[in-house]
Amino acid sequence: MTGHVEAGAPTLRELLETRGLGLAVPDDTPQNLERTITWAHTTEMRDPSRYLRGGELVCTVGISLRTPQDCRVFADSLARVGAAGVCFGIGDGHDAVPAALLTHCRRHGLPVLVASPSVPFSTVSRYVAEYELGAEIAVARATNALVPALLSSLRRHESARQLLDTAGQILGCFFLLDEGAGVDWDESESPVVTVEVPGLGTLGWVGRGDRPESALLDLIARFVRATQLERDVEAALTRERVGQLLSLVERRMLLPDALSQLLDWPGFAVAGALTCSAWPAGAGALLSMAVPDALVGDAPDLCLMVTADSLELTEDLSLPSGHSAPVPLTELGSAIGQARLALELARRRGHRVGPGQLSTLDSLLEQLPLAQIAPFRQQLIDPLVEMDSQRGTQHVRTLRTFLTASGSLSRTARDLYLHTNTVRHRLARIHELTGRNPFDHGDQMAFSIGLHAVDRETEPSDLSDSPSSQR
């Protein structure tokens, strides 16, 4: 029996039968494929039991499984902690699953799946993770597809019906808005999912296409409400005027103090600091609904919002946003610029970015064009990558760990399971190859920039030294 069985986790049989994964079972080997997988764990250790909690599918290419004794220790350790089974990758260390491993796994009733050289273990891990988080991932993906399209619909001042048609096309569904006329919901095929839209009626999925999660209906309902605000011509014109004035303040073509004379907003009369936030263009109506006391302005390329205190939203708008630090009215122009930069970072990261995240080296580098930091990668990291590729060394990994450890030899050695003299020797070799000293603070910054450039250009696995991690 496996140690853990989690609701919503896949079985070995589901993993085996999933098209695209390309897994198989050894010939003539009866196995219990109904075992539940709690996680996929990749390892090349002979005894990985201390890193397992039970229920894992243990993925390996068998680098440490060279003898029958190795296979026995490996199978015994997995059975002891209640692993779900073994996913053995052939083509790297072995052309076939070792017979001794099959024998010992069969003795423990431990199932074995076979992954061909074309099957990356990362694909298996991703399948297990997405299976367990299925609903959340589905909502996130649908939200990422929906929000830009619905924002465009708002900017075009489309009706609620047009917006719902857009949402239905993206989700493969059909939506109706019952405005109190008594829509005849058709429940013959599947249960109807509905959500109330205050002041408008009931929004529902009628049963065509995949049933949407309630969180998506809530999101669509907010946009439906916003279409009513967009139809308020006076309010829309006011937001446009506010956006124009705030843009002038940002470009220093208008003094911030003049805003209190040009705009009738109670926040200017409140003593204290103002906070500015930047949002995607078209979000003005949504923000006016969510934060009715805020000053909201629609500019052509983004939406700006000013609040008299720290912004606390009562509902998730599912939009990227950038936020400034609190500032006095006289510094509102710089706060708008700060919020704009934060929004650009938020677009890349997919979430809210505040002033705290702006004051980091990574944030500064993300604002620079890749061409400006590429020389750091070319001169400082590429020689190490080439050496690691030719000789199977680990200079890039050692450098990255050393910088993460704030230049501590002892912490680097502990994290890499090496002797400090080995770390010192590798760092000296890095100095020789690049001409930069890893112990010098300025050169450490240069190396960090080079690694940042690598991370922006390639996946981290591209620099991995482990065959199993490359599968």
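How many bridges join strand β10 (residues 295-298) to β11? There are 4 bridges between β10 and β11, and the two strands run antiparallel.

## Basis of the model

This is a predicted model, in which local features need pLDDT of at least 70 and side-chain atom pairs count only at pLDDT 80 or more, while totals for chains, interfaces and linings use all residues. Residues are numbered from 1 along each chain as its sequence is written, and side-chain values use heavy atoms, with hydrogens and water left out.

Helices (H or I, at least four residues) and strands (E, at least two) are DSSP runs, numbered from the N terminus, and two strands pair if DSSP finds at least two bridges between them. β10 and β11 form a hairpin with 3 residues between them, and in this pairing aspartate 298 stands opposite cysteine 303. Strand β9 (residues 275-280) is also antiparallel to β11, joined to it by 6 bridges, with cysteine 276 opposite valine 306.

Because 6 of the 6 residues of β11 (residues 302-307) are buried, the strand is largely enclosed by the rest of the structure; buried means under 20% relative accessible area, with exposed over 50% and partly exposed in between (1.4 Å probe, protein chains only). In a regular strand the side chains alternate between the two faces of the sheet. Leu302, Leu304 and Val306 are buried on one side of β11, and Cys303, Met305 and Thr307 are buried on the other.

## Helix α14

Helix α14 (residues 370-391) has a kink of about 45° at isoleucine 381, shortly before proline 383, where the bend is the angle between axes fitted to the seven residues ending at a residue and the seven starting there. Just after α14, glycine 392 takes a positive phi of about 70°.
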